[in-house]
Amino acid sequence: MNIRKYIAALGLVTMMVGCNDDFMERYPLDVPTDMTFWTSEGDMKLYLNRFYPIYIIGHGDGWADKKYIYPLPITGSPLAYGDVFSDNCIRTGNEFTELADAKKIPTGTGADANGWEWSNLRNINFFLTRYQRADLPQATLDKYAAEAYFFKAWEYYEKVLYFGDVPWMTTDLNVDSEELYMKRTPRAEVMDSILLCLNKAVAHLPIKGKEEKGRLNKDVANFLKARICLFEGTYRKYHNELKLDGTKFLQECETACNALMGKYSLYNKDGENSYYKMFTAKGATAHDNNPEVILGRTCIKDEYGTSFQRYYGQNNSNRQAMGATRGLIEEYLCVDGRPIYTGGSEGNYEINPLFKGYGMWKELDNRDPRLTQTVCRPGEYITIYLSGVVDPANGIEYPALNYNTSGSTVTGYRFIKHWMGDKEEEDATIKGIQAAIEFRYAELLLMYAEVKYELYGTLSQVDVDLTINALRKRAGFDFAKYPTAKLVVGQEPIDPRLDRIYTDKLDYTVAPLLREIRRERRVEFALENQRYADLMRWKAGNLLTVPLRGMKFDTEMQKLYDGSHKDRKNGGVAAKVTIGKDVFLDDENFLICYPKSPYKKTIKGVLPWSDYRYLWPIPAEEIRLNSNLTQNPGWLEADGEK
């Protein structure tokens, strides 16, 4: 290996890794031998370096069209596309079979095992059973073991997220290892072991600023600990069928959050556009001056790059075209900190005077500033992008509307979060250098707020100001003009729409303050691959059955899409759309998503939900090979349904 290129790939400030991992693959695991490899600190680094791009994915590398999230059926950047397996996004074409409750049990093994794959863990355990052979100070050995424990915790967390009980393995396996035929280890034992790994990582990784440039540090370990412990603590609380107490994990989450509170700050260097701009940085030093980044991934020009930007923007995400749902749009508050409906009941809501209603994208006006920095009005950001120039003189290109055509938003709500409007970046193809943020301080703030609420049943006003109100202030809410924009404990806004949904869909009550914490997570992290895990841990999968809708296709909108608007520079261009062919409408003229579903359980854009889907199935071949494995409940009965 070229050591200079190795160092360059790791030369990333604020915990960033290079975008190309091919160089990692030059050292297959059968090259190191017990006789010659475990001799130096360099050996430790070379071995562990392979795990960085596996877990710190960013927007992906190369053509960025790989499948990174197993078993979720998502291709391309996990950050940008992960939400298509949630109620935040609708993709072009048919819904995933999994969302339609038509999932069959996979049959494959290895790479085809749909997430039930163990090579990464084997490689980690290979290190953990051998690193002590190096003649190095114990503190040095502990530091590199802490890296391995960090990745082991991350790997097992994802296994538990998708499968629940999984075999806990402590050694690397061979073809004749007895552990190949292990039973599934109970969730409680696995999670205790994950926590042990996390605490070892926190204890032995170097303090931020003391680590070698580009390697893991104590802050990153505390962040991952907070995320995993919040997940498990809340999962146990709301999935009371497990009969497991989550208090310990919530307390450990609080401890990890306390270790990071105040060490970072929210990015605010681009004024009212800071939220949008934060996701458009590029280059190897993209996050150097961003105080919000705890863990990021960057690319190095002409060395390691990604094609994400080319396929995210070109024709509205050719790799995976998508649009925001009406449900996501409705979650955003108005600029006064109150919802779009402030009283009444369904069919007779009291409308916030600031809410302009639906049609011609006016529902985006007077809203939480993060809304129009996540979903753009026609004429902003990408829709005035022509031949590489972002200029209003180019005119407006209106979102494409067709449920099954590449380049369509489907819903009429076009995402611009992560979009750069950068001709050079688009033309770079696989050498693009857009950076990505994996762990950011905003998430830490909301984990802190949520865990405090879950532990103590409320939040102090000080905690709300440190977290939710700090995020709203950065977003651009004007507390002086609209005092109600600032969340006050005990004076939470009335939201009859969202409260009705929670009452109808969940089997527990969501208090107003918890509702606002959850709202803040949804809007702050839209298009950052957080929503699926949140729905699972909150036992809120049934929210997927809220009708999936797009914008209101009223008379004015129908005229815009009647085929007469074709001159981009004189008013804009909109494709011709025919109702009943290209789009389908509900009784209120909102676009129906997935209107031609081939799955009998999806009816007029309303997905089904069954609680067995909180866990994914183990591939049939794995169970055939290991008779000690058992299938997750419900899947044998569901297999083959359509």
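Analyst: L629 lies in the loop between α21 (620-625) and α22 (635-638), where helices are DSSP runs of H or I with at least four residues and strands are E runs of at least two, both numbered from the N terminus. This is a predicted model, in which local features need pLDDT of at least 70 and side-chain atom pairs count only at pLDDT 80 or more, whereas totals for chains, interfaces and linings use all residues. Residues are numbered from 1 along each chain as its sequence is written, and side-chain values use heavy atoms, with hydrogens and water left out.

User: Is L629 buried or exposed?

Analyst: L629 counts as buried because its relative accessibility is 6%; buried means under 20% relative accessible area, exposed over 50%, and partly exposed in between, with a 1.4 Å probe and protein chains only.

User: And what is L629 in contact with?

Analyst: Leaving aside neighbours within four places in sequence, L629 is in contact with W116, P167, M182, R184, I618, E622 and I623, contact meaning heavy atoms within 4.5 Å.

User: Switching to Y162, where is its place?

Analyst: Y162 sits in helix α6 and is buried, with a relative accessible area of 8%. Setting aside neighbours within four places in sequence, the contacts of Y162 are I69, Y70, P71, L72, Y532, L615 and W616. Y162 and I618 are 456 residues apart in sequence, yet their C-alpha atoms are 9.8 Å apart in space.

User: How do α2 and α6 cross, then?

Analyst: The axes of α2 (residues 41-48) and α6 (residues 138-163) come within 10 Å and cross at roughly 5°, which makes α2 roughly parallel to α6. Axes here are lines fitted to C-alpha atoms, for helices over the stretch in contact, with angles from 0 to 180 degrees between N-to-C directions; angles under 35 degrees count as roughly parallel, over 145 as roughly antiparallel, 65 to 115 as roughly perpendicular and the rest as oblique.

User: Which residues meet there?

Analyst: From α2, E41, M44, K45 and L48 meet T140, K143, Y144, E147, A148 and F151 of α6. By class, that contact has five nonpolar, one polar and four charged residues, counting Ala, Val, Leu, Ile, Met, Phe, Trp, Tyr, Cys and Pro as nonpolar, Asp, Glu, Lys and Arg as charged, and the others, Gly among them, as polar.

User: What about α8 and α9, at what angle do they pack?

Analyst: Helix α8 (residues 218-238) and helix α9 (residues 247-260) pack at about 150°, with their axes 7 Å apart, so α8 is roughly antiparallel to α9.

User: Next, why is α16 described as largely enclosed?

Analyst: Six of the eight residues of α16 (residues 468-475) are buried, so the helix is largely enclosed by the rest of the structure. The buried residues of α16 are I468, N469, L471, R472, R474 and A475, and what covers them includes α10 (274-277), β12 (436-440), α14 (441-456), α15 (461-466) and α18 (512-524). Just after α16, G476 takes a positive phi of about 120°.

User: Last one, how many helices and strands does the chain have?

Analyst: The chain has 22 helices and 16 strands, and buried residues make up 62% of its 642 residues. The C-alpha atoms fill a box of roughly 75 × 50 × 50 Å along the principal axes.
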